[in-house]
Amino acid sequence: MTTATDPQALPAQRITGKARLAGVLGWPVGHSRSPLLHNYWLRRYGVDGAYVPLPVHPEGFEAAVRGLQAAGFRGANVTIPHKEAAFRLADVLDDSARATGSVNTLVFQDDGTIRGLSTDGDGFVASLRAAGVELPDASGAPDTQRVLLLGAGGAARSVAVSLAAAGMQVCITNRTRARADELAASLPGASVCPWDEWEATLGDYAVLVNTTSLGMEGGPEPGFCPVLDQASAKLVVADIVYVPQVTPLLAEAQRRGLRTVGGLGMLLHQARFGFHAWFGVEPQVDAQTEAYVLAGFSG
């Protein structure tokens, strides 16, 4: 018997001489779950196309992008360490890319130009909404306006920009204070909380977001688990880490009965924008998609 998570339950992948092609550029790129997700969607929606991993050394990034464009690819995702290089290479940038100074999605347009998008932040906001978290521009509720971000790197910048655009009041905390100050200065109305004080201020926030690699399997501090004693009972705790699915931070929040949002939703929702641009289909992020990708993690 086949199930929604069984590859045999999906149609055979169509790849003809007219196939639409895309991929993910990174160095290394073997860790990326993007090929698993995009090829699932291609099979699910019967699209004539393929999505492939593309390991490219930083020195060869521009040549690789130009070569893919010349070969008829529709575009590509971009992961570490190429996001800033992709920003410099793009001819046209969306608002999020300009605000973050990085690009994670390239679209090769019919007129020969390259469009650059930054979809991580919008994907994160979409994952919050999909989890039922009300944001100010949707509800106007005053207790959903303040958010505390852990971290001040590229992911934090993308998430902060999109949360600010959604009407949230953003506060940033980071172990290196100068980086938090720099990010806050680029966002109207943003503030900074010292790293050694943020746990004591949790009662001031409606949402807590970990945008660092702390708590990630194989990361610098896989056991990272802050003290949440001062959290409001209404606090939503989110983590962009998705390996493991339940980080120590999320486990502690769940133990306290707090609402949590894991990182898988951001991974899935940020991918929708590129898939639609390359393959012409608006994919669904639903229980079937989540189950298939999770099965692939352990497969």
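Me: What should I know about the numbering and the model?
Reply: Residues are numbered from 1 along each chain as its sequence is written, and side-chain values use heavy atoms, with hydrogens and water left out. The model is predicted, so local features need pLDDT of at least 70 and side-chain atom pairs count only at pLDDT 80 or more, while totals for chains, interfaces and linings use all residues.

Me: In what order do the six strands form the open sheet?
Reply: Strands of a sheet pair through backbone hydrogen bonds, either parallel or antiparallel. Here the order is E2-E1-E3-E5-E6-E4, with mixed pairing. Strands (E, at least two residues) and helices (H or I, at least four) are DSSP runs numbered from the N terminus; two strands pair if DSSP finds at least two bridges between them.

Me: Which are the edge strands?
Reply: E2 (49–55) and E4 (92–93), each pairing on one side only. E4 pairs with E6 (residues 114–117) in the parallel sense over two bridges; Val92 has Arg115 in E6 as its bridge partner.

Me: At what angle do H5 and H10 pack?
Reply: Two packed helices are described by the angle between their axes and the distance between the axes. H5 (residues 120–130) and H10 (residues 264–279) pack at about 120°, with axes 7 Å apart. Axes are lines fitted to C-alpha atoms, for helices over the stretch in contact (heavy atoms within 4.5 Å), and angles run from 0 to 180 degrees between N-to-C directions. H5 is therefore oblique to H10, as angles under 35 degrees count as roughly parallel, over 145 as roughly antiparallel, 65 to 115 as roughly perpendicular and the rest as oblique.
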